[in-house]
Amino acid sequence: MRSRPDVKLFLRPAVATPGRELHVEAVLLAKTRTQVDGIDITVRGEERALLRSGKNTYWHRVERFGLRSKFEARTLEPGEIRLLSKFAIPEAMPPGYVGPRAAIEVEAEVHVRIPWWPDRRARFVLPVRAPSSPEAPATPSIFSTSPSGPRPGVPHVDRGHFDRPR
């Protein structure tokens with residue numbers, strides 16, 4: 001008799017970064033031989049805000065992006081089945097945040113379509129961090145309060161903000 005597989009999800013890297021590729025590996029643990037019409041792995045980014053209109057309170061949702069990887073119909077044999085997908089999180093996606101009145105989340109969903117049987121849907125919230133700051137320039141920079149900067153052969157003192165008169 002067919003059954004719905006259990007689902008695990010593995011990420012490489014473990015924390016997603018906007019503008020970089022994310023490897024998502026879905027591991028299906030089938031208990032019995034089961035025919036499936038297909039398997040989808042979807043990654044979505046969403047912003048939510050709790051809004052009030054008069055006495056009504058509701059969540060306003062905005063989908064920032066949606067990406068999908070589709071796998072064809074197959075027969076799942078008992079045991080472990082691994083499916084790998086690669087997604088590029090858009091650079092414009094802000095890092096994850098969950099607060100009492102707002103949230104920014106990236107979610108992965110694995111949908112196993114089983115004919116004449118309840119489908120398996122598993123959802124996972126993915127951690128997303130801001131990209132690291134760019135590296136310092138390789139050439140040194142000169143900072144000066146004089147608009148033209150220090151001139152060769154002319155004494156120059158930049159007092160900075162610590163030596164301001166009181």
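**Note on strands, core and salt bridges**

1. Arg82 is partly exposed, with 45% relative accessible area; buried means under 20%, exposed over 50% and partly exposed in between, with a 1.4 Å probe and protein chains only. Its side chain forms a salt bridge with that of Glu80 (2.9 Å, N to O), a salt bridge being a side-chain nitrogen of Lys or Arg within 4 Å of a carboxyl oxygen of Asp or Glu. Glu80 is also partly exposed, at 49%.

2. The model is predicted: local features need pLDDT of at least 70, side-chain atom pairs count only at pLDDT 80 or more, and totals for chains, interfaces and linings use all residues. Residues are numbered from 1 along each chain as its sequence is written, and side-chain values use heavy atoms, with hydrogens and water left out.

3. An open, antiparallel sheet is formed by 3 strands in the order S1-S2-S7. Strands are DSSP runs (E, at least two residues) numbered from the N terminus, and two of them pair if DSSP finds at least two bridges between them. Strands S1 (6-12) and S7 (79-88) each have a single partner strand, so one side of each lacks a neighbour in the sheet. Neighbouring strands are turned by 20° against each other on average, direction ignored; the axes are lines fitted to C-alpha atoms, and angles run from 0 to 180 degrees between N-to-C directions.

4. S1 pairs with S2 (residues 21-30) in the antiparallel sense over 7 bridges. Lys8 has Val27 of S2 as its bridge partner.

5. The largest nonpolar core holds 29 residues; such a core is a set of buried Ala, Val, Leu, Ile, Met, Phe, Trp, Tyr and Cys residues joined through side-chain atoms within 4.5 Å. Among the members that touch the most others are Leu28, Ile41, Val43 and Ile89. Contacts of Val43 (heavy atoms within 4.5 Å) include Phe65, Phe87, Ile89, Val106 and Leu126, leaving aside residues up to four places away in sequence.

6. The count of salt bridges comes to 15. In one of them, Arg113 meets Asp40, with the closest N and O atoms 2.7 Å apart. Arg113 belongs to strand S9 and Asp40 to strand S4, so the pair ties together parts 73 residues apart in sequence. Asp40 is buried, at 8%, whereas Arg113 is partly exposed, at 24%.

7. Arg64 and Glu47 join through their side chains in a further salt bridge (2.2 Å, N to O). Since Arg64 lies in strand S5 and Glu47 in strand S4, this pair connects parts that are 17 residues apart in sequence.

8. Arg44, Glu107, Glu109, Arg121 and Arg123 are linked in a salt-bridge network.

Note on methods: Helix = DSSP H or I, 4+ residues; strand = E, 2+ residues; numbered from the N terminus.
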